[in-house]
Amino acid sequence: MKQLLARPRLTLAAWLGFLGFVDLLTHVPLPPGGASRIPHLDKIAHFGSYFVLALLGAVRLAAYERILHTRKLVLWGVFYALYGVIDELTQPWTGRTADVDDWLADAFGIAAATWFAFIWLRRTRLSEPGEGVATDDAAGE
């Protein structure tokens, strides 16, 4: 993981690529009868895609900043949630439907990824020995 974090441009490219991929997937018109036979599969896909997006974002931040603050992870989570709102509101332009439940699945994915990233980054040493993810209290903010 440290090798990946040493390549911030690669983490940025992965994050931007996945952001574009999510945008593309949610705006491609569904084929006729395109609803899944698996109940709530779309909610699982929304949760998973926003989980991966937020997690890639945390890795990108870690690669650029070396020490992350809780506040930054939460602010990025809010950004992803707002992006999810815009994503849902623009889907009708391509013949899809906006769904509050889809956005809630997005938000739960974001929250889970943010929590996971915080725990993972806190337990891993991403910078100099003795340093890890700084909490707002430890950073004096």
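Residues are numbered from 1 along each chain as its sequence is written, and side-chain values use heavy atoms, with hydrogens and water left out. Because the model is predicted, local features need pLDDT of at least 70 and side-chain atom pairs count only at pLDDT 80 or more, while totals for chains, interfaces and linings use all residues.

Reader: Which residues touch the most other members of the largest nonpolar core?

Author: A nonpolar core is a set of buried Ala, Val, Leu, Ile, Met, Phe, Trp, Tyr and Cys residues joined through side-chain atoms within 4.5 Å. Buried means under 20% relative accessible area, exposed over 50%, and partly exposed in between, with a 1.4 Å probe and protein chains only. Of the 18 residues in the largest such core, those touching the most other members are Tyr50, Leu53 and Tyr80.

Reader: Which helix supplies the largest share of this core?

Author: Helices are DSSP runs (H or I, at least four residues), numbered from the N terminus. At least two core residues come from each of H2 (8–27), H3 (41–65), H4 (70–90) and H5 (100–123). The largest share, 6 residues, comes from H3.

Reader: How are the rings of Phe47 and Phe51 arranged?

Author: Rings of Phe, Tyr and Trp (its six-membered ring) pair if their centres lie within 6.5 Å; planes under 30 degrees apart count as stacked, over 60 as edge-to-face and the rest as tilted. Phe47 and Phe51 both lie in helix H3, 4 residues apart, which is about one turn of the helix. Their ring centres are 6.2 Å apart and their planes are at 15°, so the pair is stacked.

Reader: Which helix holds Phe116, the partner of Phe51 in an aromatic pair?

Author: Phe51 and Phe116 form a tilted pair, 6.2 Å from centre to centre with 50° between the planes. The pair links distant parts of the chain, 65 residues apart: Phe51 is in helix H3, and Phe116 is in helix H5.

Reader: Is Phe116 buried or partly exposed?

Author: The relative accessibility of Phe116 is 38%. Phe116 therefore counts as partly exposed.

Reader: Which charged residue lies over the face of Trp15?

Author: A charge sits over a ring if NZ of Lys or CZ of Arg is within 6 Å of the ring centre and within 35 degrees of the ring normal. Ring pairs link Trp15, Trp76, Phe79 and Tyr80 into a cluster. The residue over Trp76 has its charged end 4.6 Å from the ring centre. Over the face of Trp15, at 4.3 Å from the ring centre, lies Arg60.

Reader: Which residues are linked with Lys43 in a network of salt bridges?

Author: A salt bridge is a side-chain nitrogen of Lys or Arg within 4 Å of a carboxyl oxygen of Asp or Glu. Lys43 meets Asp42 at 2.8 Å, N to O, and Asp99 at 3.1 Å. A further salt bridge joins Lys43 to Asp102, with the closest N and O atoms 2.8 Å apart. The residues linked with Lys43 in the network are Asp42, Asp99 and Asp102.

Reader: How many residues apart in sequence are the parts that Lys43 and Asp102 tie together?

Author: Asp102 is buried, with a relative accessible area of 6%. Lys43 lies in helix H3 and Asp102 in helix H5, so the pair ties together parts whose separation in sequence is 59 residues.
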